[in-house]
Each structure stands twice: as structure tokens, then as C-alpha cells.
Amino acid sequence: MKIPLSELDNKIKQIVEKDENILFAFRGDVGGEVGQVYVALTNRRVLVLNKGIWGMGEKTSSIPYKKITSIDKERKIGCTTVIIKEGTIETSILNMKAETANQIFEKLNSIIENEKVQTENEPLKILKLRYAKGEISKKEYEQMKKELGK
């Protein structure tokens, strides 16, 4: 379920960097303390804390949005798993009710789509910056912009 930042596990909060902001926080809500999971979506990456059974075998994962190649959901008996792929590496977010998994899935897809749009516009931003700094002439700027198809 989506939770207030105050309820996010301290281990997640400790790995958030100074220039990073938590946008959304979730807690897997199947099974109580048995296999509890916390998820934070920041402005740069996904942070996952799988608490393991009764707090043993904890594992923290950090996945930058730019490295995510796919996201999927898998429904199992009584819970849903969100699977994040980073090339051949898979991170599974376990122990969630379908509603929580859907919220994470939708928010993550939205963030990744936004990242793609920003990345696609990056060459034009660099070109505009070079023109603004006087590194290239207006003629060069127009030619390069035309070559970019923008």
C-alpha cells in the first residue's frame, strides 16, 4: 500500500542521497513481518528493501531508471510480484496485494516514460546550450537542428 514517508523503513531513508527526493513510498502488505517489503520511487531510481523472513536475509536493491529495460507483474496465490529487469538482472518486489503492485507498476511506468521523453530531447537541449554559449553559429545551429529532425 502507498504509505507516508514517515512510515518508510529507515534503511531505505539512509541510502537516499542528498540531491535525491522520494516521490512515492510503498509497503508490501501481505504476511505482516514475514517477508515484508518496502519500495521507494525517487527522482532517480527505485529502492527496494526485502526484509526477508522475520527480518533475516534482508536485501536492498537500487535500480536507476535509465537502466530499467522492462517491468512486468506476476500474480501468484494471494499476492502479486512486480518484476523489474535491468538487462539480464531481475529484481522482484514480492509480497504485495494486487492493488499495491498495480500502484507501483503504474507509477514506475509513468516515471520511466517521462525519463525516455527527457532522454530523447537531450541532443536538442545540448544543441540549444551550445548555441546560447556562442560555441556554434546560428547557421550551424539550424543545420544541426535540421539533422536531428527537430
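This tour visits salt bridges in a predicted model.

The model is predicted, so local features need pLDDT of at least 70 and side-chain atom pairs count only at pLDDT 80 or more, while totals for chains, interfaces and linings use all residues. Residues are numbered from 1 along each chain as its sequence is written, and side-chain values use heavy atoms, with hydrogens and water left out.

Side chains of opposite charge can pair when their charged atoms come close. Here a salt bridge is a side-chain nitrogen of Lys or Arg within 4 Å of a carboxyl oxygen of Asp or Glu. The count by this rule is 7 salt bridges.

**First selection: D19 and R44.** The closest N and O atoms of this salt bridge are 2.7 Å apart. The pair joins distant parts of the chain, 25 residues apart: D19 lies in the loop between α1 (10–15) and β1 (22–27), and R44 in the loop between β2 (37–42) and β3 (45–50). These helices (H or I, at least four residues) and strands (E, at least two) are DSSP runs, numbered from the N terminus.

Accessibility is classed as buried (under 20% relative accessible area), exposed (over 50%) or partly exposed (in between), with a 1.4 Å probe and protein chains only. D19 is exposed at 53%, and R44 is partly exposed at 32%.

**Next selection: E74 and K76.** Their side chains form a salt bridge at 3.5 Å, N to O. E74 is partly exposed at 36%, as is K76 at 40%.

K85 is partly exposed, with 31% relative accessibility; E90 is partly exposed, with 45%.
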